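Here's a set of exercises on pockets, cavities and overall packing. Work through each task with the structure open, then check the solution.

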Amino acid sequence: MENTSLIVLSRAAALERQMAVVSNNIANVNTTAFKGESPLFVEYMMKPEKFSDPLNNYSMVLDQGTARNMTPGALIQTGNPLDLALNGDGYFEVDTLDGKRYTRNGSFTQNDQRELTTSSGLPVLDDTGNRINIPVGTREITVSPDGSVFADQVSLGKLGVYTFPNEQRMRPLGNGLLLSEEKPKAVEDTKIQQGFLEQSNVQSVTEMTNMIAVSRQYENVQRIMKNEHDLLRNAYSKLSKISA
């Protein structure tokens, strides 16, 4: 009975983790360039030495983290010249107090120093690692598909767009920022579309269906746990009567 309880508890913990991931996906269904996540689980098989019957094998569920869905989100036209979408692989490079970070959220603006920044005020960097300054009195900002930025046809530099050998190892930091311990590599084939933003790749209907499925599975697990508890209580009750 103890083995049964442990197995059921491992499943309950896995379902709670899955519900947290699904809830986070739903919460970010309208977040620019958000990539949906799914939990990663492994099955741990345990076979008691004193049993040779395959029916006595036990299966435990272990949480191994999450995987990001790298499928690009749809591009939506905004008409804002500072909205930039990556049509292909890669991430924009931004400057933070803790060093360089990366994002696909191209909803940019400019700060009081007329630097190109993210919506949260982090400076966007060019391909040399420098900030991009927009001159006073600029009437038109244009960004070419290769990332070159122009103010009234005067070049301001080229946006830095990078990718990494294993994007699944990038660590989400919040606000669309990602951190990688790997060395960044400049992207060559990705095109930048000015006046567009990448939408979240989360499918709300799919995630709602997943939420319902997880809820029902958790209810089943709770039912099994209650039955197991009742069995143990009855067994202890009968044993106590026998010993008396």
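## Getting oriented

The protein has two helices and 17 strands (DSSP runs numbered from the N terminus: H or I over at least four residues for helices, E over at least two for strands). Keep in mind that this is a predicted model, where local features need pLDDT of at least 70, side-chain atom pairs count only at pLDDT 80 or more, and totals for chains, interfaces and linings use all residues. Residues are numbered from 1 along each chain as its sequence is written, and side-chain values use heavy atoms, with hydrogens and water left out.

## Exercise 1: the largest pocket

Describe the largest pocket and its lining.

Step 1. Start with the term: on a 1 Å grid over the protein atoms alone, a pocket is an open set of points with protein on both sides within 12 Å along at least five of seven lines, while a cavity is a set where a 1.4 Å probe fits but cannot get out; lining residues have an atom within 4 Å of a point.

Step 2. Get the volume, which is about 360 Å³ for the largest pocket (the space filled by probe spheres set on the points, with points joined across faces, edges and corners).

Step 3. Look at the lining: 20 residues, with Phe-34, Lys-35, Gly-176, Leu-177 and Leu-178 nearest the centre. Strand 13 (171–174) and strand 14 (177–179) each supply at least two lining residues, and strand 13 gives the most, with three.

Step 4. Sort by class: seven nonpolar, nine polar and four charged (Ala, Val, Leu, Ile, Met, Phe, Trp, Tyr, Cys and Pro are nonpolar; Asp, Glu, Lys and Arg charged; the others, Gly among them, polar).

## Exercise 2: the cavity

Which residues line the largest cavity?

Step 1. Searching the whole structure turns up one cavity of 30 Å³ or more, and the largest cavity has a volume of about 50 Å³.

Step 2. Leu-82, Leu-84, Leu-116, Ile-134, Ile-141, Val-143 and Val-149 form the lining.

Step 3. The class count is seven nonpolar, no polar and no charged.
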